[in-house]
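The sequence and structure come next.

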Amino acid sequence: MKIVVIGGTGLIGSKLVNQLHEHGHEAVAAAPNTGVNTLTGEGLAEVLKGASAVVDVSNSPSWEDAAVLRFFETSTRNLLAYEADAGVGHHVALSVVGTDRMSESGYFRAKIAQETLIKTSSIPYSIVRATQFFEFLKGLADISMFGDKVPLPPVPFQPMAADDVARGVRTVAVGGPVNGIVEIGGPEPFRVDELVRRRLASLQDPREVIADPNARYSGATISEETLAPGNNARLGETRFEAWLTQPAAQIPSAHAQPAGVPVVTEEIESRKKAS
Ligand SMILES: NC(=O)c1ccc[n+]([C@@H]2O[C@H](COP(=O)([O-])OP(=O)(O)OC[C@H]3O[C@@H](n4cnc5c(N)ncnc54)[C@H](OP(=O)(O)O)[C@@H]3O)[C@@H](O)[C@H]2O)c1
């Protein structure tokens with residue numbers, strides 16, 4: 001089965017391409033540095049020839065509100081149009097658990113727009129919504145800084161290892177389209193502030209994490225339910241303590257710009273002014 005992975009050079013994409021190869025599929029990593037650009041359409045017609053499924057695990061290089069919206073709208077429109085021409089029978093996209101509950105956030109408005117384009121297109125689809133990646137916890141601290149402290153809402157979430165995200169996306173990609181949403185998450189619930197504190201401690205990062213019920217997440221007000229996966233979520237196996245012993249956990253930041261939650265400069269600036 002030929003499966004094209006858009007964003008196949010990224011954190012999840014590179015793991016997904018490897019896993020698909022290991023399971024005997026023809027997986028093609030598509031990204032600007034392999035000659036495929038979903039914003040311009042460059043290379044798309046070629047790479048989609050003979051593909052049974054396309055998995056979109058790309059992310060916007062900029063998370064400024066207008067830029068991220070432009071990225072997900074333009075790239076998704078282009079992809080779906082080229083897929084229709086190529087006769088692709090399954091479009092899979094990676095989104096975030098709680099996306100529809102965070103429309104106050106520019107990043108999540110862009111993910112909602114991506115999901116809406118997919119749902120209203122003629123291509124059979126599956127949307128996989130994952131919880132936050134363990135690899136992203138330090139990035140979450142970085143973007144939540146207020147002065148020299150890290151205020152975070154003490155709400156439940158159920159983050160997961162990037163390897164398990166790739167596994168969850170692979171299972172959906174090789175199955176038939178569900179024409180709906182599949183949620184995936186980690187095996188254990190935590191509170192956001194608690195786990196980021198533990199992650200920073202594991203890196204000997206001295207920043208203080210403060211439980212602040214009013215702290216926003218990516219610019220959105222969140223409640224106890226916002227980030228929690230539903231009862232039907234498929235859960236990965238990797239527990240946080242086990243992940244901490246893996247080589248990936250020794251790298252402070254898995255990639256330069258953490259995905260999933262953008263830097264919300266205006267929010268940080270307005271909070272600074274308010275203090
Ligand atoms: N972080 C989280 O906790 C979290 C949780 C749930 C879901 N997600 C979702 O997971 C997805 C993937 O995240 P990630 O961390 O794996 O991303 P990532 O490591 O930042 O990788 C992004 C990929 O997108 C590619 N890309 C950028 N612009 C492109 C373009 N114009 N055309 C084609 N490809 C392009 C990049 O290629 P280059 O390297 O060549 O630029 C790279 O391969 C995102 O959609 C995010 O919303 C994240």
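Strand 5 is mostly covered: six of its six residues are buried. Buried here means under 20% relative accessible area, with exposed over 50% and partly exposed in between (1.4 Å probe, protein chains only). The model is predicted, so local features need pLDDT of at least 70 and side-chain atom pairs count only at pLDDT 80 or more, while totals for chains, interfaces and linings use all residues. Residues are numbered from 1 along each chain as its sequence is written, and side-chain values use heavy atoms, leaving out hydrogens and water.

- Helices (H or I, at least four residues) and strands (E, at least two) are DSSP runs numbered from the N terminus.
- In a regular strand the side chains alternate between the two faces of the sheet.
- Strand 5 is covered on both faces, with Tyr125, Ile127 and Arg129 buried on one side and Ser126, Val128 and Ala130 buried on the other.
- Strand 4 (residues 90-96) runs parallel to strand 5 and is joined to it by six bridges; two strands pair if DSSP finds at least two bridges between them.
- Valine 92 has serine 126 in strand 5 as its bridge partner.
- The chain passes from strand 4 through helix 4 to strand 5 in a right-handed β-α-β crossover. Right-handed means that, with the strands pointing away from the viewer, the path from the first strand over the helix to the second runs clockwise.
- Strand 8 (residues 181-185) is also parallel to strand 5, with four bridges between them, and valine 128 stands opposite valine 182 in strand 8.

**Aromatic pairs**

- Rings of Phe, Tyr and Trp (its six-membered ring) pair if their centres lie within 6.5 Å; planes under 30 degrees apart count as stacked, over 60 as edge-to-face and the rest as tilted.
- The count by this rule is eight aromatic pairs.
- Tryptophan 63 and tyrosine 107 form an edge-to-face pair, because their ring centres are 6.5 Å apart and their planes are at 90°.
- This pair links distant parts of the chain, 44 residues apart: tryptophan 63 lies in the loop between strand 3 (53-56) and helix 3 (65-86), and tyrosine 107 in helix 4 (residues 106-119).
- Tryptophan 63 is buried at 8% relative accessibility, and tyrosine 107 is buried at 3%.
- Phenylalanine 134 and tryptophan 243 form a tilted pair, because their ring centres are 5.4 Å apart and their planes are at 50°.
- Phenylalanine 134, in the loop between strand 5 (125-130) and helix 5 (137-143), is 109 residues from tryptophan 243 in helix 8 (residues 240-244); both are buried.
- Trp63, Phe71, Phe72, Tyr107 and Phe108 are linked into a cluster by ring pairs.

**Glutamine 158**

- Glutamine 158 sits in the loop between strand 7 (156-157) and helix 6 (162-174), and counts as buried with a relative accessible area of 14%.
- The side chain of glutamine 158 reaches the backbone oxygen of glycine 186 at 2.9 Å.
- Apart from neighbours within four places in sequence, the residues in contact with glutamine 158 include Thr131, Gly186, Pro229 and Leu235; contact means heavy atoms within 4.5 Å.

**Nonpolar cores**

- A nonpolar core is a set of buried Ala, Val, Leu, Ile, Met, Phe, Trp, Tyr and Cys residues joined through side-chain atoms within 4.5 Å.
- The largest nonpolar core has 59 residues, of which Ile12, Leu94, Val165 and Val196 touch the most other members.
- Helix 6 gives the largest share of this core, six residues.
- A second, separate core has eleven residues, among them Val4, Val36, Val47 and Val54.

Technical notes: Polar contact = N/O pair within 3.5 Å; in protein donor to acceptor, adjacent residues only side chain to side chain.
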